[in-house]
Amino acid sequence: MRMMNFITSNLRLTAGLVGILCMALTAAWLVGMIPSAAEEQLQSRAQYCESLAVTASILIQNREHRMLESNIEQSVNRNDKVLSIGVRNRYGRLVVSSPGHKGLWNLYLGDESKSNDIHRVALYSGNEEWGQIEFTFAPLAAQAGALQPELKLASFLASTCFILFMIYL
């Protein structure tokens, strides 16, 4: 009976309102109104790869292989999420790569769980396909903090609204 005195009507109303808020947030996330952080990172990776592929294609077309090598080295050094980059010609020969690319690429290529952590883009010299540029990335799970952004948002809103609802009621 003492427990019932502790749980006031204000506390019950507040808990109910916070529960409704959490259900609304979950529904918004399920229908795609709250973007997924992982999907955003994958899109960002794809854009990064396409951008570097355009640069690499221009350098290949102009036969600037040293500049290409420097560009790849700088790209890996400046972006801690990029583990390695390699350029293969159409015959499959690795022409230019960052240190350790061959081993990482073979390791990642054979592991289905790492399929989101590799990316390849076709390279062109003029209108003819010349080869491909390959990227290996740090795993998405390793980049995420202890809490996913979606969970951080829900926790923040639930705790803040709980306090505000208690004050209001």
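The model is predicted, with local features needing pLDDT of at least 70 and side-chain atom pairs counting only at pLDDT 80 or more, while totals for chains, interfaces and linings use all residues. Numbering starts from 1 along each chain as its sequence is written, and side-chain values use heavy atoms, leaving out hydrogens and water.

Start with the sheet: it is open and antiparallel, with four strands in the order β2-β1-β4-β3. Strands here are DSSP runs of E of at least two residues, helices are runs of H or I of at least four, and both are numbered from the N terminus; two strands pair if DSSP finds at least two bridges between them. β2 (94-97) and β3 (118-125) sit at the edges with a single partner strand each, so one side of each has no neighbour in the sheet. From one strand to the next, the twist averages 25°. Strands β1 (residues 82-89) and β4 (residues 128-137) are joined by seven bridges, and arginine 88 has glutamine 132 in β4 as its bridge partner.

Two helices lie across this sheet. Helix α3 (residues 37-61) lies across β1, β3 and β4, at about 30° to β3, whereas α5 (residues 101-109) lies across β1, β2, β3 and β4, at about 80° to β4. Angles run from 0 to 180 degrees between N-to-C directions, with axes fitted to C-alpha atoms, for helices over the stretch in contact (heavy atoms within 4.5 Å).

Then there's helix α2 (residues 9-30), which gives the most to the nonpolar patch, with four residues. Methionine 23 lies in this helix and is exposed, at 57% relative accessible area (exposed means over 50%, with a 1.4 Å probe and protein chains only).

Methods. Buried means under 20% relative accessible area, exposed over 50%, partly exposed in between (1.4 Å probe, protein chains only).
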